[in-house]
Amino acid sequence: MKLRGFLIVVKDCQKAMKYYHDLFGLEMLQDNDGNMILSDGLILQEEKYWRGFISKDVIPQNNACELYYEAENVDAFYKKLKTLYPETEFVNLPMTHSWGQKVVRFYDPDGNLIEVGTPI
């Protein structure tokens, strides 16, 4: 068995695709009308279908998991994020942990938690 990717729930795959392309350079590999496979193993599932599959409500900003990315320059990424998506809701602004890693945490437009940190 092999992990093939990870799925996040979004309201609109096309808008989410643009967001992840703009910020992280991800490319669409396959579009299945409401389910989109992106590079780096990210899968977008539209909320209306996901709710139907699991018969439960989707809870944005549930803080139960996060997408984790690494960037050499967190401050440059933060500036890019603020320029492209000024409405971003931040969990924390760029900060440095006691072990020396600089990170920023924020929600994507659909309430999925993202962390960008310097390589560990």
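Q: In this predicted model, how far does the backbone nitrogen of Cys13 lie from a polar atom of the side chain of Glu46?
A: Glu46 has its place in strand β4, which covers residues 42–46, and among the residues it touches beyond four places away in sequence is Cys13. Between a polar atom of the Glu46 side chain and the backbone nitrogen of Cys13, the distance is 3.0 Å.

Q: Does Glu46 count as buried or exposed?
A: A residue is called buried when its relative accessible area is under 20%. Glu46 has a relative accessibility of 13%, and therefore it counts as buried.

Q: Which residues of helix α3 are buried, and why do they line one face of the helix?
A: Helix α3 spans residues 74–84, and its buried residues are Val74, Phe77 and Leu81. Seen down the axis of α3, these buried residues fall within an arc of 60 degrees, so they line one face of the helix. In general, an α-helix has 3.6 residues a turn, so residues three or four places apart point the same way. The buried residues asked for are Val74, Phe77 and Leu81.

Q: Which residue caps the N-terminal end of α3?
A: At this end of the helix, a side-chain oxygen of the capping residue lies 3.1 Å from the backbone nitrogen of Asp75. The residue that provides this oxygen is Asn73.

Q: Which element gives the most residues to the largest nonpolar core, and how many does it give?
A: The largest nonpolar core has 26 residues, of which Tyr20, Phe24, Leu44 and Phe106 touch the most other members. Among the elements that give two or more residues to this core are β1, α1, β4 and α3. The element that gives the most is α1, with 7 residues.

Q: How far apart in space are Gly111 and Asn63, C-alpha to C-alpha?
A: Gly111 is found in the loop between β7 and β8, and at 11% relative accessibility it counts as buried. Leaving aside neighbours within four places in sequence, Gly111 is in contact with Pro60 and Gln61. Gly111 and Asn63 are 48 residues apart in sequence, while their C-alpha to C-alpha distance in space is 9.0 Å.

Technical notes: Residues numbered from 1 in each chain as written. Predicted model: local features only at pLDDT ≥ 70, side-chain atom pairs only at ≥ 80, totals over all residues. Heavy atoms only, no water. Buried < 20%, exposed > 50% of the residue type's maximum accessible area, 1.4 Å probe, protein only. Helix = DSSP H or I, 4+ residues; strand = E, 2+ residues; numbered from the N terminus. Arc of directions from axis to C-beta. Polar contact = N/O pair within 3.5 Å; in protein donor to acceptor, adjacent residues only side chain to side chain. Contact = heavy atoms within 4.5 Å. Core = buried A, V, L, I, M, F, W, Y, C linked by side-chain atoms within 4.5 Å.
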